[in-house]
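Take a look at the structure below.

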Amino acid sequence: MFSRAEFERRIACARGAMMSAGVDLLLVDSGELLAWLTGYTVSETMYRAAFLPREGDAWFTLRALDEAPCREKSWITDIVGFADTNEALAAVAGSIRDRGFAGVRIGLDTNSYSMSAQTFMRLKTLLPQAAFVPMPGLSDSLRWVKSQEEIAFLKQASLIADKAMLEIARHARLGMTTRDAAAIASSVFLREGADTGEVGPVVKARGNHEFLHGAFKTEEIEEGDILHVELIPRVGNYGARIMRPIIVGAPPAALSASADRLVELQDRQIAAMKPGAIARDVDAIMRQGALDSGLRPSYDNVTAYTLGLYTRTPRTSDFSGVFLPTSDWALEEGMVFHLYATALGLGFSETVVVSNDGGLRLTQCPRHILHT
């Protein structure tokens, strides 16, 4: 899906991190970094890993059953497949020994969800001469800044999100269920080229902001209800996100005014998302603005988090970069975030990329309460 030049850029980034850490071999096992660096990823039904030397050719060690799709999707040609009757970690360690790296400094992401304590201890036992160098967070930080090729996939996903949201709003009616709404979105996703038909939370909005992670269940939409819709389509594993409130009939004037205020604050956040801006300062625009406006009695959750490549992982969102009062890091051009604001049963969010002129919204759905 990506050009060879794009993969060369990624390889150079990874080798730059290796040089800084003084390691000779990089072990890659998180699903997202596998996809980003090699072009291929697979769930950890059995342990698998790719390896990038500071000099020389990379290789991939995985189940023999997964060899064929790996060869089809990855630029790596040295692929080691092991039988299901073999111990996966022993096969991985064997591939390291066979290529002469048994006694080198091996870098690995100790924050990777695939690098359990048991996995780490077993690798140390199998490779007693190697020095394992922790590189915590590398699987995320290498991917923070997106290339134009990556942003192109995010734009496609954003367009699908917009279409699905408007299609739900077009069919909204009393008696419609949350399941009906989710089915509409799923159909649009699949028809328009998304990776899967998986949608995000589609629930009745209750309370102030507590509905955000509401459990999905079949509920009928009644008069006065706010249908909260969060959509998370992925294209080429790159996921866009958008949230909107939907009401059957005309929304109350006071609620519309509150929605306008939330969107206004979010617009100010987006305008401030330039390279060099400090994340906590961008966060404060929404957090303090919502509190000062009386939209929320407290504001304890993040106002944005990292967006990009999602694969089969234990986490549904990437919080390696978030907007909080304690976030003292600087934004960089090409970073992409899910920027979201919630209050009074309303939820608005956008997929936003950092640019020199401020944040650019990749999602373009109208920014008000959607209604029939």
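In this predicted model, the lining of the largest pocket has 20 nonpolar, 17 polar and eight charged residues. In total, 45 residues line this pocket. Which of them lie nearest its centre? They are Arg234, Asn237, Tyr310, Thr311 and Arg312. The volume of the largest pocket is about 1100 Å³. Several elements contribute to the lining. Helix α2 (31–38) supplies at least two residues, and so do the strands β10 (238–239) and β14 (336–343).

Now turn to the second largest pocket. Its volume is about 150 Å³. Helix α7, residues 148–171, gives the most to its lining, with three residues. Gln148, Ile151 and Lys155 are among the lining residues.

Rolling a probe the size of a water molecule over the atoms shows where empty space is left. How many cavities of 30 Å³ or more does a search of the whole structure find? The search finds three. The largest cavity has a volume of about 50 Å³. Asp140, Arg143, Trp144 and Lys146 line this cavity, together with Thr306, Leu307, Gly308, Leu309, Tyr310 and Asp318. Its lining has four nonpolar, two polar and four charged residues.

Helix α1, residues 4–21, packs with α2 at an angle of about 125°. Their axes are 8 Å apart. The angle makes α1 oblique to α2, because it falls between 115 and 145 degrees. From α1, the contact is made by Phe7, Arg9, Arg10, Ile11, Cys13 and Ala14. From α2, Ala35, Trp36, Leu37 and Thr38 take part. By class, this contact has seven nonpolar, one polar and two charged residues.

Finally, consider an annotation. An unreviewed UniProt entry lists residues 10–145 as "domain: Creatinase N-terminal". Over residues 10–145, the chain is 38% helix and 19% strand. The end C-alpha atoms of this stretch are 11 Å apart.

Methods. Residues are numbered from 1 along each chain as its sequence is written. This is a predicted model: local features need pLDDT of at least 70, side-chain atom pairs count only at pLDDT 80 or more; totals for chains, interfaces and linings use all residues. Side-chain values use heavy atoms; hydrogens and water are left out. On a 1 Å grid over the protein atoms alone, a cavity is a set of points where a 1.4 Å probe fits but cannot get out, and a pocket is an open set with protein on both sides within 12 Å along at least five of seven lines; lining residues have an atom within 4 Å of a point. Grid points are joined across faces, edges and corners, and a volume is the space filled by probe spheres set on the points. Helices (H or I, at least four residues) and strands (E, at least two) are DSSP runs, numbered from the N terminus. Ala, Val, Leu, Ile, Met, Phe, Trp, Tyr, Cys and Pro count as nonpolar, Asp, Glu, Lys and Arg as charged, and the others, Gly among them, as polar. Axes are lines fitted to C-alpha atoms, for helices over the stretch in contact, and angles run from 0 to 180 degrees between N-to-C directions. Angles under 35 degrees count as roughly parallel, over 145 as roughly antiparallel, 65 to 115 as roughly perpendicular and the rest as oblique. Contact means heavy atoms within 4.5 Å. UniProt positions are given in the numbering used here, feature names are shortened, and annotations may be inferred rather than shown by experiment.
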